[in-house]
Amino acid sequence: MEQAKKPLRIDIVSDVVCPWCAIGYSQLAEALKQTNTPHEIHWHPFELNPNTPHEGRNYREHIMEKYGTTAEDIKESRARMTAAGAEAGFDFQFTDEFRTYNTFNTHQLLYWADQQGRMHDLKQALFVAHFVDNKNVADSTVLADVAADIGLDRSEALAVLEDQRFAAAVEKEKQHWQQQGIQSVPSMVFNERHLISGAQGIENYKSILQQLADMPD
């Protein structure tokens, strides 16, 4: 009798304020669904902009300053991201006032949620809170509300953020992935061997999943 293959392990290094991370995961999720691929997903922290202040920064101004792009470039980029997101089932709600935020607290909350087997659910809820609901994901109260919305303990979430009990652990994991050569996100590692960077598109992910399925264990 043929032994069933182990679920595909997928390690995803990403940040909650990275639009292509939300797109890339949504594309991958659709490809996994269409190919009926057994899998397990493990999320890992990356900070796109660790020096962002608590109140955040206007996204358009931030991108223009960081990359030297124009307002027209950003408008076109947002249109591409919105279309790519919609195709994969993610509904971006960009506005002129849309902001980017410091995410060190989000990664600590995700670390806490992982201990309860809810990291994946919280990650998806945080993507929505940021990109759909335009909430300040640096704010402890906002984060505790998001945690409570998926059934986690709100008071415990606040306590985790107040005492920063997982700050060192998150920092250590961030450094680990940087030492593995991860410099941009999303970065996805399949079966701890095959690195794929960026959002590849549903069809490309389906092709990647098929190639992986055809490989011997």
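**Sheet, helices and pockets**

Mentor: In strand S6, Met188 has Ile196 as its bridge partner. Strands here are DSSP runs of E of at least two residues, and helices are DSSP runs of H or I of at least four, numbered from the N terminus. Residues are numbered from 1 along each chain as its sequence is written, and the model is predicted, with local features needing pLDDT of at least 70, side-chain atom pairs counting only at pLDDT 80 or more, and totals for chains, interfaces and linings using all residues. Side-chain values use heavy atoms, with hydrogens and water left out.

Trainee: In what sense do S5 and S6 pair, and over how many bridges?

Mentor: They are antiparallel and share four bridges; two strands count as paired if DSSP finds at least two bridges between them. Ser187 stands opposite Ser197 in S6. The hairpin of S5 and S6 has three residues between the strands, and Asn191 there takes a positive phi near 50 degrees.

Trainee: What joins S1 to S5?

Mentor: Four bridges link S1 (residues 8-14) with S5 (residues 187-190), and these strands also run antiparallel. Ile12 is placed opposite Met188 in S5, while Ile10 is placed opposite Phe190.

Trainee: Which way do the S5 residues point, and are they buried or exposed?

Mentor: Ser187 and Val189 point one way, Met188 and Phe190 the other, and all are buried. Buried means under 20% relative accessible area, exposed over 50%, and partly exposed in between, using a 1.4 Å probe and protein chains only. In general, side chains in a regular strand alternate between the two faces of the sheet.

Trainee: What is the strand order of the open sheet?

Mentor: Its four strands follow the order S2-S1-S5-S6, with mixed pairing. Strands S2 (39-45) and S6 (194-197) are at the edges with a single partner strand each, so one side of each has no neighbour in the sheet. From one strand to the next, the twist averages 20 degrees.

Trainee: Which helix lies across S1, S5 and S6?

Mentor: That is H9 (residues 202-214), which runs at about 25 degrees to S5. Axes are lines fitted to C-alpha atoms, for helices over the stretch in contact, and angles run from 0 to 180 degrees between N-to-C directions. Contact means heavy atoms within 4.5 Å.

Trainee: Changing topic, why is H4 described as largely enclosed?

Mentor: Nine of the 11 residues of H4 (residues 104-114) are buried, so the helix is largely enclosed by the rest of the structure. Among the buried ones are Phe104, His107, Leu110 and Trp112. The buried residues pack against S1, S2, H5 (119-131), H6 (140-149), H7 (154-163) and H8 (167-179).

Trainee: Now the pockets. How much space lies in the largest pocket?

Mentor: The largest pocket holds about 500 Å³. On a 1 Å grid over the protein atoms alone, a pocket is an open set of points with protein on both sides within 12 Å along at least five of seven lines, whereas a cavity is a set where a 1.4 Å probe fits but cannot get out; lining residues have an atom within 4 Å of a point. Grid points are joined across faces, edges and corners, and a volume is the space filled by probe spheres set on the points.

Trainee: Which residues lie nearest the centre of that pocket?

Mentor: Of its 20 lining residues, Lys5, Lys6, Leu8, Asn191 and Leu212 lie nearest the centre. S1 and H9 are the elements that give two or more residues to this lining, and H9 gives the most, with four. The lining comprises eight nonpolar, five polar and seven charged residues. Here Ala, Val, Leu, Ile, Met, Phe, Trp, Tyr, Cys and Pro count as nonpolar, Asp, Glu, Lys and Arg as charged, and the others, Gly among them, as polar.

Trainee: And what lines the second largest pocket?

Mentor: It has 20 lining residues, with Pro19, Trp20, Tyr59, Ile63 and Tyr67 nearest its centre, and a volume of about 380 Å³. H1 (19-35), H2 (59-67) and H3 (71-87) each supply at least two residues of the lining.

Trainee: Last one: what does Met81 touch?

Mentor: Met81 lies in H3 and counts as buried at 1% relative accessibility. Leaving aside neighbours within four places in sequence, Met81 is in contact with Pro19, Trp20, Ile23, Tyr59, Phe92 and Phe94.
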